[in-house]
Amino acid sequence: MQNIQDTSSNDFKIGLVGPISSAEDIKECYTIEYWQSVRKIIQDSYPSVSIHLFSDSNSSGIILDRIIKNLAEYDLIICDTSFKNLNVLFELGLR
């Protein structure tokens, strides 16, 4: 695993995992703007690191396959467990 301080090669990848739910209390907190601000905070700290929200994708494949693959391949995973969302906790446990 590459040291996060030595990220000049752009190989180091950070994944963001958080709830993507239609529940009203979650939907109000986890807006597109929220995830953009989280990504910007991390990007400002590590400008040469690749950061991805696991729920973002242009592919039409099965999301669970993509999430499990990303959990295994990314160098660092940041999980938002604020709402104790079972899917997020499962993904954290898999990691």
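Me: What is the volume of the largest pocket?
Reply: The structure is a predicted model, and linings are taken over all residues. For the largest pocket, the computed volume is about 240 Å³.

Me: Which residues are the closest to the centre of the largest pocket?
Reply: The lining of the largest pocket is made up of 17 residues. Those closest to the centre are Gly18, Ile20, Ile67, Asn87 and Glu91.

Me: Which element gives the most residues to the lining of the largest pocket?
Reply: Two or more lining residues come from each of β1 (13-17), α3 (63-73) and α4 (86-94). The one that gives the most, with four residues, is α4.

Me: How many residues in the lining of the largest pocket are charged?
Reply: Asp, Glu, Lys and Arg count as charged. The lining has eleven nonpolar residues and five polar ones. The number of charged residues there is one.

Me: How far apart in space are Ile20 and Ser55, C-alpha to C-alpha?
Reply: Leaving out residues up to four places away in sequence, Ile20 touches Ser55 and Ile63. Ile20 and Ser55 are 35 residues apart in sequence. Their C-alpha to C-alpha distance is 7.4 Å.

Me: Which residue forms a salt bridge with Lys40?
Reply: The structure holds two salt bridges. In the one with Lys40, the closest N and O atoms are 2.9 Å apart. Both residues lie in helix α2 (residues 32-45), four residues apart, about one turn of the helix. The partner of Lys40 is Asp44.

Me: In which helix do Lys69 and Glu73 lie?
Reply: The side chains of Lys69 and Glu73 meet in a salt bridge at 3.1 Å, N to O. Lys69 is partly exposed at 47%, and Glu73 is partly exposed at 41%. The two residues are four apart, about one turn of the helix. That helix is α3.

How values were computed. Residues numbered from 1 in each chain as written. Predicted model: local features only at pLDDT ≥ 70, side-chain atom pairs only at ≥ 80, totals over all residues. Heavy atoms only, no water. 1 Å grid on protein atoms, 1.4 Å probe; cavity = no way out; pocket = protein on both sides within 12 Å on 5 of 7 lines; lining within 4 Å. Points joined across faces, edges and corners; volume = space filled by probe spheres on them. Contact = heavy atoms within 4.5 Å. Salt bridge = Lys/Arg side-chain N within 4 Å of Asp/Glu carboxyl O. Buried < 20%, exposed > 50% of the residue type's maximum accessible area, 1.4 Å probe, protein only.
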